[in-house]
Structure formats: C-alpha cells, structure tokens
Amino acid sequence: MRIAIRGGRVIDPAQQLDTVTDLFIAAGRIAGIGEPPADFVAEQLIDATGRIVCPGLIDLCARLREPGQEHKATIASEARAAAAGGITTVVCPPDTDPVIDEPAVVELIRRRAKAAGQTRVLTLGALTHRLRGEHLAEMAALRDAGCLGVSDGGRTIASSRVLRRALEYAATFNLTVFLTPLDPELGQGLAHEGQVATRLGLSGIPVAAETGIIARDLELIRDLGVRVHFGRLSSARAVELVARARADGLPVSADTAIHHLHLSEIDLSGFDSRCHLRPPLRGLRDLEALRAGLASGVLGALCSDHQPHEPDAKQAPFGDTEPGLSGLETLLALSLRLARDGVLPLSTLLERLTCGPARILGLDSGHLGIGASADVCIFDPDAEWRLTPDTLRSQGQNSPFLGWSLQGQVTHTLFEGRLVYARDAHD
Amino acid sequence: MRDAEFLIEAMAGQLRDLLARRGISEPVLVGIHSGGVWIAERLHQRLEIHAPLGRLDISFYRDDFSRLGINPQVRPSELPCDIDGRHLVLVDDVLHTGRTVRAALNELFDYGRPASVLLAVLVDRSGRELPIEANVIGTRMKLSAGQHVQLTGPEPLQLTLQPAP
Amino acid sequence: MSTTHVQLDPQGRLLHFLTVEGLTRRHLTEILDTAESLHSVAERRVKKLPTLHGKTVVNLFFEASTRTRTTFELAAKRLSADVLNLNIATSSAVKGESLLDTLRNIEAMQCDMFVVRHVQSGAAEFIARHVKPHIAVLNAGDGRHAHPTQAMLDVFTIRRHKPDFPNLQVAIVGDILHSRVARSLIHALSILGTGAIRVIAPRTLLPAHVENLGVQVFHDLAYGLRDVDVVVMLRLQRERMESALLPSEQEFFQRYGLTGERLALARPDALVMHPGPINRGVEIDSRVADGPQSVILEQVTNGIAVRMAIMSITLGNHARPLEETA
C-alpha cells in the first residue's frame, strides 16, 4: 500500500524536523519526506492540511489485562484504544496472569497482538520468578523470546539482596531493568500522606515510600553498570534524586504518568475512586516539579500507565476499589495541554512521547527517518472534544478525565504503513 | 388588625364561669407554642392560677411530617407537674382544622392520664376537619379556605387577617 | 473546592448526615436545638413520639458495634420507626456480594433510612450517592473519616454545661490518627466557634498536617491540659502496639493517661468526656472516669436525643418540598 500524507505540519523530534510538507509511505515504511521516491504513485491520499504529522506514540506502560484479566480488557480491545490514541507501540509490564516469566507467555501476547494488528505490543520480562522477589526469573530466555527488558512489574522487590543479584544478572545479559519504586510496607496506604488524606481519613503513603526505594536502588547500581529505568515517579524529591544520579553519570532514566501532571491529591475530595491510583496523586508542588522534570529531560518519557477496569472494580468505597485509570486515549490530548500551558515546547513534548521512550527501550524507532517502520500519528491540534464513555474505545471506562474538555484529537493512526484508525467525523 | 387583649379578657370570664360550673378549683393551663402560650400566660395571670403553666410544642406529633418535615424552630415541651388526675385547660390561638389540638391531646396523654381536658381558643374559625370543638372561645370567624388569621406577639398581641391571595 | 455536598439539597438542607465538615453553624444549631426538645422525652411516662410512625430504619453495620447500633436502634424506636438490624460483617459481604448488590436488596424491602457503619473511609458517602432518592443515610462511623453523630452528641453535652463556645478550650487526647470521632469533633467545634482546640498525642498517633484542621498540637499532656475547659479522651485500640505505633499500654498511660493529678491542671470545673468504650488504666484512670467531672454516661444518654433529632430532621427534609412556604 502506497500512501501520501499531504500538506501536514510534520514534526519529527529525532530529526529536529518541524515543517509543512508531504510524507510518503510504501511497503510499510517511510519512503520519503517532501519528495516522493521515484515512480511513487499513491494508492491512498490523506489530506493533513492544518494537522500535525508525527511519529506514532510509544507508551512505556500499559496494562492490556491479557492474559489473566480478560473481564477487564483484552489485547484486542486495548490495541484498538491505543490506535485511537495515536499510540503505535505499547509496553506491557510482566504482571499478567500468568506472569511474563517464561517465553510461552511472551509468545502468547505476541500472537494476540499480531491478530489484533492495531499496535505494536512489546513485553517486559519478570525480574524474579512469579514476581515474588525471591528467585531470579529466566531473564536470558525471556530476552531471547523478545522481551526488551526486565521489570519488577509494579511490585517493588523488598529484599536488597535479591534485587542486587537480579540487577547483576540482568547486566550480564545487557538487559535494561525497569523498576517502579514504592516501598511495599511504607506504601501500603490509599492516598498521598498530606492534608487531603488527613481530612478524608485515608491511610497515607508518604513520599519516603518512593524516595527511600529510589535511594536504595541508586546505591545498589552505582558500581554495577546496569541500566535502570524508574517508572511512574510521583514526587518532587524523586525527580531530584534521579537528576542527581544522572548528573553523577549513573545510567538511569525515568518517566512519569501524564495524569500526575494534571491531577493532585485535591482531586480525591469526595472520595472519587477514579483518582485511586498507585503511586498516589500528590501535592501541587510535586505536580510542578514533575512538569519541570519532564521539560528538563530528567523524565525522558511520558506514559499513560493505562489500567482498564470493569465498572465493579471502582464501584465501592474508596479503600475497596482497585487503583489505576484508563489512559491510552487521553495521553496525547493531555500532553498537548502541557505545551499549550508553556511547560515545554511542542517538539520537546513529542520527543518525550516518541523517540524519548524509544531510546529508553534501546530501540531505533519513534522517528520518521527514511526506511523506518511507518508508524504515524496525525492529529488536529485545535479540535476540541469532550471525553465521554461513548468516545472511549477502551474496555475500561475508569477515567477521572470523563467530562473534561480536551484540545487536540487524533484523526489518523498508521501502524506499519496501514491505516488502523481514522476519525470518521469530517473525513 | 385587631387588639387581642380584650378578647382574652372575654375568654378569662368564660373560663372562670366554666371552671366554677364544673367545680374545678386547681386547673393546669397548657399553652401550645407559640400563640397558645402567650394567651395561656395572660389567662394564668388573670385567673390567678397557682399551678405552674405548661407549654407544648407539638412538632413531633404533627400528622403532616411526611409532607412538611420538622419545624426547625422546635422548642422543648414542658409540663411542670404530674398531670395524672388533674383538670387541664389546653390553650391555643386559632382553632382551624383541629389537627393541632389532636396532636396536642396525643402528646398530653404521653405524659399521663388527666381527669379532664378543656379547650380554650382565641379564634374559632371555620374549616374543621376533625370532630373537635372548643369550650371557651374569644371570637368566631367565618373564613374561606384561602384566608389566613394569625396572632403576632408576644407584645402587643395582635390578630392579623390575610385575605385569600 | 467544596461544591455542594451530597448530604445537602439545593437549598442547603440536610438530606443525609455523613460528615460535619462543610456544614454551617445554622445546621449544627438546628440539630442541637431539636435534640434539646427531645431530651426530656426520656423522662416521660411514654418515652415515644409518633414522628416516624410507619417509617423503616435499617441499621447497616458492616463493622460490628453493639453499643452504637443500640443507641441508633433506641433513637429510631423512640420516634416510632420500625428497625431492622443487619450485621453484614457476618453475612453476605463476606460471601462476595458487592456492596451495591447488598444495597439494592435492602432497598427492595421498602426502607426509609440507612444507618451505616463501615471500615472504609467514605463508605457512607458512597452509599448516599447510590441509594434511591427517598432514602436518608446516616453515617454511624466510616473508617477513620467521620463519626458525625458522635461529634454532635459531644458538642450537645458540652453545650448543656458550657454553652459559650468562643470562650472554651477543648483538648482531645490520644489516638487522633485513627479516630473518626476526633476528626468530626474538630470540625463541629470549629464550626461552633470554639476558642481553642488542642490535640495531644505522640507523633505516631497524629495524622500529617493535622494543624491544617485548625488545632493546636501538643505532645506533652501536662502542658496541653493547662486551663482547658473540656478534656476528650479517645479510646486506644490494642492493635496500635502491634503495628509499632506505641511501645506498650503502660508507657502510653504513663505519658498520656488521664489521672486525677493531671486533670487538676485543667480548669477546676473541666468536663471529662470519652466516646466509649473505655479502657480503664490505658487512656483514663477509673477514678477520673467515675469521678464528679466525668460526663461520660451523660454522653450516652444525650446520644439518643441527638440521634433522634438527626433522624427526624433528615427524614423530614426528604419529605418537605423544595419551594418552602413560610
């Protein structure tokens, strides 16, 4: 299929490109920018006038709930949601059921994703067997099966001894280790330990639950040379710790979830279970520091931390609900709001959503270079829309942004040169 | 607008005669909040009654709770003595449907078993919905359903007639 | 930040009673005045009013508490309501039925009021948001969040002895962190304009930023009790020792237990209060609990009138049409 995308503002942060031009796609790959390749005859034309054309987004953390929790969502349902959100690569953490600690699970997810054909689903393998933090997982086999790295799957490893050995072993096979820092004991609460939790009588999660673990992990990796990525940072102090470690030359990177840049503990008022998240929404000072960290590059990627739930999981008193939100379809629009708010320039923002996360994953992707896989997101930066349950394609309707007015809407998503999403409205 | 004091004077006369006829020497006066209490206070003074005055707030006994809820200005009911075997005089400002008096009787019987209850009202207006009649009446008024008669007080005590809207 | 709370109707009248926070002095005064009218009912021959005749009150207790349930039951019965007690801690919830399913089932029994106690903060509010509109919900304690009827009976008791709130100093002593009673009482006292509210506890038993609730923080009991008019002691649960918040009951009593000697530091007529049940010798000395300054049993008595008032006000507001006639 040969596709010509005409007249859009093409922004490719990897090439520092930001200009109104045409993009040509052939055989699933980028075939030309500005000039079509010789003998190019487009079979399909997409008019991108007034729109922005950028690499498809790469989301470092999205739970697709399959295998194991198909009552919440499936790879097929969430791949469709990703395509609607302009996301062409999602990274699935290993806390599926069964856990991604053997090649068969990797293979199963790959097969389901291929059948869905809407987005690329990459997997992280488990760092420890069954994610129990006791015995090492078969990391070499997982790498060979296609895992891009290994991870604690959202369950911080309590034992420093086990973690140190797991880090050493991962380093042996040149695997990046993806960690989510939250002390299993200190992090047992329901909300940020602050004035809102005090008022509502919710048990608190202090910032030290995050920073204590980061500090430990940074000391453990100091001499190991292993690459570590800290996912879903939530506090100002955590950004400071990672910034200092990077300044010291440690091979660490970090990301945060987009909702931590828009919501704070205040949004829990009224016990809104849609804002029951882990790590918890913190104070406004933390929100500002995370925004600054994203702008400076200490946080090299923005992710959705997508966690779709069935309605029952959120229909209960706050403490009886499951944490997490459905975020694939709001990642782009909520990110664009940051650029409009002047937090960071648009091209830098898109970098944090495309080649930034690609670099963390060690992939040569997230760009529109000639020959790259034609993963493309086209969006109307001015289109205003309201998030409603009807607009959500994800099986999980648990978004605290329902009812919000958003600006910036995906009109087309191309995955490996195929149009996997087109907004019907006025096309 | 009418001055209520001379109506109360007339009530005092009627009540004195009635009590004498019935041979009641130590009656207990019980006013219904608010207007009934104001009138009962004056009768109490004029008839030089020894037993202290009782005050009833019938808010918790009303039969229209399911439509109107609780009056936010509810006050405590006080019956200062044991009413068992006593002769009571229940005093209210306006006798209209009879429902207030019914509620007051119900409340009184939760305090004890009086020997008798007389009813004294300032105004007996038309519109009765229950078989209740007063023994002592300041004045009678024939009013249409939409008309409203109201006692304001405690100083001065005045009757106001509001025409149908 | 505080939009109209689910417990108020568009005209600001109480439909449910979930939390004291966000209410006005007018709301609290109405409850206290109504309770005052109901207080003498207990001294009559017939201790019953016909107000809620024909209404059904359901005690929905997801967390066992015989004492609190009994006072709500008595309050409802004194108002002539029918009462149904459901101890869900031991029935369906355990068998995996969701809270909403439980709710729908009980609603189907044609009830008018739910009195809810639950281990989770926000549970009563959750239920209020999901019940049919004719049902009033009273919070009988949700997690660490609120116990608003207890707070109202506490301020009712204080008002009967010391009505001048702006000139009062009140000290709340003990496990503030886990106490829904303390949170609700702090709000009620602030709304009534209390001169000073002190909390006295070791740091492990104080929530973060507690001073933002408008209280003065003391860690030393002797210092904190100086010149106070009211001392509210909180119950200390045994679990606090197991979760490493305190070393022992003995050490707690030595530092924070209310003894006669310490009470002498407060004003000579200071009231001693406790929401019950008391741990004698853990947070309070028996001689103080039973002493002349103790109003602990009065609190229990007052609890009935206060709960009767709240029941009749909320159910009454459900009945009353919005366009109020003068």
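How many residues of chain A are in contact with residues of chain C?

**Before I start.** I am working with a predicted model, in which local features need pLDDT of at least 70 and side-chain atom pairs count only at pLDDT 80 or more, while totals for chains, interfaces and linings use all residues. Residues are numbered from 1 along each chain as its sequence is written, and chains are lettered from A and ligands numbered from 1 in the order in which they are written.

**Entry 1: A and C.** I found 18 residues of chain A in contact with 22 residues of chain C (contact: C-beta atoms, placed from the backbone, within 7 Å). On chain A's side, helix α5 (residues 195-200) gives the largest share, 3 residues. I sorted that side by class and got 7 nonpolar, 8 polar and 3 charged residues. Here Ala, Val, Leu, Ile, Met, Phe, Trp, Tyr, Cys and Pro count as nonpolar, Asp, Glu, Lys and Arg as charged, and the others, Gly among them, as polar.

**Entry 2: C and B.** Next I looked up chain C, where 18 residues are in contact with 17 residues of chain B. On the chain C side, α1 (25-39) and α12 (296-319) each supply at least two residues. Helices are DSSP runs of H or I with at least four residues, strands are E runs of at least two, and both are numbered from the N terminus. This side of chain C divides into 5 nonpolar, 7 polar and 6 charged residues.

**Entry 3: a sheet in A.** I then traced an open sheet of 3 strands in chain A, with the order β6-β7-β8 and parallel pairing (strands pair if DSSP finds at least two bridges between them). Its edge strands are β6 (57-59) and β8 (120-123), each pairing on one side only. β6(A) and β7(A) (residues 87-92) pair over 3 bridges, and I noted A:Ile87 as the bridge partner of A:Leu57.

Notes: Two residues are in contact if their C-beta atoms, placed from the backbone, lie within 7 Å.
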